[in-house]
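Grab the structure below and work through these exercises with it open. Each one sets a task, and a worked solution follows.

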Amino acid sequence: MSWTHHRRWTGVAVCGLALALATSACSSGKESGSAASGPQHLTSKISLVYAQKQGDQEYFIDEADGAKAKAAALGADLKVVDLGNDANKAISETQNAVSQKANGMIVVPPDPAVGPQVVQLTKAGNVALLSSDDQVCVTGPDPSKCDAKDLLPRVGFSGTQMGTDVGTRAGEDFKKSGWNPADTAIVDAWKQDVTVCTDRVKANEKAFAQAAGAPVRVIEVGTDNTPSDAQNKISATVAGNRSVKHWIVMGCNDENVSGGVSAIQNAGYSADDVLGVGLGAYLACKEWRSGKPTGFKAALFINGTDVGALAVQTMVDYLKNGKAMPAEAFAPTKMVDASNWQQSGLKCS
């Protein structure tokens, strides 16, 4: 879906949402309170809350920094909240945002199932809502089963495009390696109830097959998207597949690939027999900076700073200027490796 397309929300379930992006009446044919009135056109200082899952991850730290810098530049007050992996905290922090009379909230929920409740709470409190990174469904717990018109506006990246870039790079590198497809395996790891992760993985598998020119067995591994869990799960996968001589590692993010590469190398494989292509580059760069041999060969650089800034800009434009939120807005990406990451603008903290 093009990010320039403006979505209209219709139907009883979403009629009356405070952040409605259209000024037309709902499907009942009657206007319904603030839903039809559109943005608030605020002239006083704008108060925002940015509630992120896994706020200790490098990507989300960068995202928070970008959001803070943009809010300061625009003269808005911004509170950043780390939800960790706690879905209940997403609800309590939404309630806090409402009670503190925030004008807008940007959310990256730890569990997409809390989406409808977050929407209803912000609706009742007249708090504008925008999702960042992950999709949020207004009418149900599973964004993958949600009608496009019932997804919250979102700022982030195109999961399909990112996965395609990762799979293409892995496929091209595999083709150059000379590895025998018969004794090579792909491990693809991700949190399987996160829609944008599934989009990335399915796209990387399709793109790899097209770029590699030969079939390679794929082993899909469910994780919680952290390096430690990916390492544990993929260690078990490697132990059960000792006939594999060469491993390709892909997944939803750098965390999965970092954990996977560590698991495989700890199992006795040489870095030359591991081909990891990450998504984020914030963990990959640490491997490259060390100068030690690593199976982490490349990563798609996704700049969290850009996403945080774009999310705040989108919300302020909506609240202050009445500019409609796009259905999706995407920040740029770039493939990097040990030879060029330092020139890419990637910060490696």
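**Exercise 1. Find which residues C285 is in contact with, leaving aside its neighbours within four places in sequence, and place C285 in the fold.**

Solution. Keep in mind throughout that this is a predicted model.

- Step 1: With those neighbours set aside, C285 has contacts with W341, L346 and C348.
- Step 2: Now look at the secondary structure: C285 belongs to helix α9, which covers residues 284-290.
- Step 3: Check the accessibility. Buried means under 20% relative accessible area, and C285 comes out at 0%, so C285 is buried.
- Step 4: For a distance, take F296, 11 residues from C285 in sequence; their C-alpha atoms are 9.1 Å apart.

**Exercise 2. Work out how many helices and strands the protein has, and what share of its residues count as buried.**

Solution. 

- Step 1: The protein has 349 residues, and 56% of them count as buried.
- Step 2: Now turn to the contacts between residues at least 6 apart in sequence: 74% of these join residues at least 24 apart.

**Exercise 3. Say which members of the largest nonpolar core touch the most other members, and which helix gives the most to this core.**

Solution. 

- Step 1: The largest nonpolar core holds 44 residues, and the ones touching the most other members are Y50, F174, F208, I248, V312 and M315.
- Step 2: The helix that gives the most is α10, residues 304-321, with seven residues in this core.
- Step 3: Zoom in on M315. Not counting residues up to four places away in sequence, M315 touches L48, G104, M105, I106, A128, L129, L130 and M325.
- Step 4: Another core lies apart from the largest one; it has 28 residues, including I219, V249, V257 and C348.

**Exercise 4. Describe how α2 and α10 pack: what is the angle at which their axes cross, and what is the handedness of the crossing?**

Solution. 

- Step 1: Helix α2 spans residues 58-74, and its axis comes within 6 Å of that of α10, with a crossing at roughly 40 degrees.
- Step 2: Angles under 35 degrees count as roughly parallel, and 65 to 115 as roughly perpendicular. The two helices are therefore oblique to each other.
- Step 3: The crossing of α2 and α10 is right-handed.
- Step 4: On the α2 side, the contact is made by Y59, D62, E63, G66, A67, K70, A71 and L74; on the α10 side, by G304, T305, V307, G308, A309, V312, Q313 and V316.
- Step 5: Sort the residues of this contact by class and you get eight nonpolar, five polar and three charged.

**Exercise 5. Decide whether α3 and α4 are roughly parallel or oblique to each other.**

Solution. 

- Step 1: The axes of α3 and α4 (residues 115-124) come within 9 Å and cross at roughly 10 degrees.
- Step 2: Under 35 degrees counts as roughly parallel, so α3 and α4 are roughly parallel to each other.
- Step 3: A90, I91, T94, Q95 and V98 of α3 make the contact with Q117, V118, L121 and T122 of α4.
- Step 4: By class, the contact of α3 with α4 has five nonpolar, four polar and no charged residues.

**Exercise 6. K101 and N225 both need a look at phi. Is K101 buried or exposed? Is N225 buried or exposed?**

Solution. 

- Step 1: Phi of K101 is near 60 degrees, a positive value in a residue other than glycine. For N225, also not a glycine, phi is positive too, near 70 degrees.
- Step 2: K101 sits in the loop between α3 (87-99) and β3 (104-108), while N225 is in the loop between β7 (217-222) and α7 (227-239).
- Step 3: Exposed means over 50% relative accessible area. K101 has 68%, so K101 counts as exposed.
- Step 4: N225 has a relative accessibility of 2%, so N225 counts as buried.

**Exercise 7. Find where R217 lies and which residues R217 touches, not counting those up to four places away in sequence.**

Solution. 

- Step 1: R217 is part of strand β7.
- Step 2: With a relative accessible area of 42%, R217 is partly exposed.
- Step 3: Leaving out residues up to four places away, R217 touches T184, A185, I186, N241 and V244.
- Step 4: Finish with P181: 36 residues separate P181 and R217 along the chain, and their C-alpha atoms are 8.0 Å apart.

Definitions and conventions. Residues are numbered from 1 along each chain as its sequence is written. This is a predicted model: local features need pLDDT of at least 70, side-chain atom pairs count only at pLDDT 80 or more; totals for chains, interfaces and linings use all residues. Side-chain values use heavy atoms; hydrogens and water are left out. A nonpolar core is a set of buried Ala, Val, Leu, Ile, Met, Phe, Trp, Tyr and Cys residues joined through side-chain atoms within 4.5 Å. Buried means under 20% relative accessible area, exposed over 50%, partly exposed in between (1.4 Å probe, protein chains only). Helices (H or I, at least four residues) and strands (E, at least two) are DSSP runs, numbered from the N terminus. Contact means heavy atoms within 4.5 Å. Axes are lines fitted to C-alpha atoms, for helices over the stretch in contact, and angles run from 0 to 180 degrees between N-to-C directions. Angles under 35 degrees count as roughly parallel, over 145 as roughly antiparallel, 65 to 115 as roughly perpendicular and the rest as oblique. A crossing is left-handed if the near helix is turned anticlockwise from the far one by less than a right angle, and right-handed if clockwise. Ala, Val, Leu, Ile, Met, Phe, Trp, Tyr, Cys and Pro count as nonpolar, Asp, Glu, Lys and Arg as charged, and the others, Gly among them, as polar.
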